[in-house]
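Subject: Structure for you to look at

Dear colleague,

I am handing over the structure below, together with some notes on what was found in it. Please read them with the model open beside you.

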Amino acid sequence: WTITGSTPQAIYPLDPLYGFLPDTTSSNWEPYGIDRAYQEPPVSADGPFPLLVFSPGWGFEPWGHTSIGTRLASHGFVVAVLYHQGDCWWSWEPCDHVAVSAFNRPLDVSFALTDLLERNQTQGDLLSGAIRPDQVAAGGWSLGGYAAMALAGGDDSVCDTLYGAFPEDPPAWTCAPALVDPRIQVIVSLDGSNQLLHFDELARITVPAMGLGEEWSMLALDPGFASWQARQHAAFSGHPAYRVDVFNTAHISFSDFCTAFTFTTASV
């Protein structure tokens, strides 16, 4: 991006749909270690750039992954971190069943990708000519990681792995497939919910993939998840397929959860 002394700092809405809370700015988040960012600066002449469409975890908000967006953008990526309606971070937001969120997430990513690529081809748009359509990655944390995997390999029936996992059964209409989006050339999963996909569905992922997650000794504390990282890595069929186990981490370590919780609790 092209930055001057008059470029305004980035704006991060805390409540973009309902507007009950004021917007925040880059300077509000920088004391927590978030990189400085700017609002709608002109695209650098060094472009076009690879694109990452990133889906947050279930019940989490886009500003909870600001560190990923700002850091990757500073290294030559266009990054879109999505807001998923129905995830109820705030008490006044609706709370969808996890099956509904899982069903909607891949659709949201594909919808956002279509919009971004259209803007990339629109003369005069901020993103005009900024994106390389042949270098598109889908990424996400937790349920967002599931979305990236489903977009790369598909899910024959979104609901089928969720019976018995929650007090209420998934809505019947979520027992439908999540389809592959062929525009996705790479996926990056941060402690992604691969347990929602069967092994053979994971094996249909043939694009290059990177799975970052908790290391084995932490996962082994819950026997049901001891093979979480190993399972997806064994299944992925694409090359390269990287497995990164991060020492001394928990699930929330792959987000800005602690920063977001501390900041928003102090702000409300």
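Against which helices and strands do the buried residues of helix 4 pack? They pack against strand 3, helix 3, strand 5, strand 6, helix 5 and helix 7, where buried means under 20% relative accessible area, exposed over 50% and partly exposed in between, with a 1.4 Å probe and protein chains only. Helices (H or I, at least four residues) and strands (E, at least two) are DSSP runs numbered from the N terminus, and contact means heavy atoms within 4.5 Å.

Before going further, please note that this is a predicted model, in which local features need pLDDT of at least 70 and side-chain atom pairs count only at pLDDT 80 or more, while totals for chains, interfaces and linings use all residues. Residues are numbered from 1 along each chain as its sequence is written, and side-chain values use heavy atoms, with hydrogens and water left out.

**Overall form**

The protein has 8 helices and 8 strands, and its C-alpha trace spans about 55 × 40 × 40 Å along the principal axes. Its radius of gyration is 18 Å, which agrees with the value near 18 Å that a compact globule of 268 residues would have; this radius is taken over C-alpha atoms, and the globule rule is 2.2 Å times the number of residues to the power 0.38. Of the 268 residues, 46% count as buried, and among contacts with a separation of 6 or more, 73% are between residues 24 or more positions apart. The accessible surface, from the Shrake-Rupley method with a 1.4 Å probe and, for residues, with only the protein chains shown counting as cover, comes to about 12600 Å², of which 59% belongs to carbon and sulfur atoms.

**Cores**

In soluble globular proteins, nonpolar side chains tend to be buried together. A nonpolar core is here a set of buried Ala, Val, Leu, Ile, Met, Phe, Trp, Tyr and Cys residues joined through side-chain atoms within 4.5 Å. The largest such core holds 40 residues, of which Leu-51, Tyr-146, Ile-187 and Ile-205 touch the most other members. Two or more residues each are given to this core by strand 3 (49-55), strand 4 (78-81), helix 3 (98-120), strand 5 (131-141) and helix 4 (143-153), and the largest share, 9 residues, comes from helix 3. Apart from this core lies another, of 21 residues, including Ala-10, Tyr-12, Leu-21 and Ala-137. Leaving aside residues up to four places away in sequence, Leu-51 touches Val-78, Leu-113, Leu-116, Ile-131, Gln-135, Val-136 and Ala-137.

**Helices 4 and 7**

Helix 4 is mostly covered, with 11 of its 11 residues buried, and just after this helix Gly-154 takes a positive phi of about 85°. In helix 7 (residues 228-235) the buried residues are Trp-228, Gln-229, Gln-232 and Ala-235. They lie on the same side of helix 7, because they cover an arc of only 145° around the axis, the arc being that of the directions from the helix axis to the C-beta atoms. Their cover includes helix 4, strand 6 (186-190), helix 5 (199-202), strand 7 (209-214), helix 6 (216-219) and strand 8 (241-246).

**Individual residues**

Ser-55, in strand 3, is buried, with a relative accessible area of 0%. Its side chain makes a polar contact of 3.4 Å with the side chain of Arg-105; such a contact is a pair of N or O atoms within 3.5 Å, where within protein one must be able to donate a hydrogen and the other to accept it, and residues adjacent in sequence count only if both atoms are side-chain atoms.

Two cis peptide bonds deserve a look: one joins Gly-47 and Pro-48, with omega about 5°, and another joins His-239 and Pro-240, with omega about -5°. Pro-48 is in the loop between helix 1 and strand 3, whereas Pro-240 is in the loop between helix 7 and strand 8.

Cys-88, in the loop between strand 4 and helix 3, has a positive phi of about 50° although it is not a glycine, and at 26% relative accessibility it counts as partly exposed. Asp-191 also has a positive phi of about 50° without being a glycine; this residue sits in the loop between strand 6 and helix 5 and, at 2% relative accessibility, counts as buried.

With best wishes
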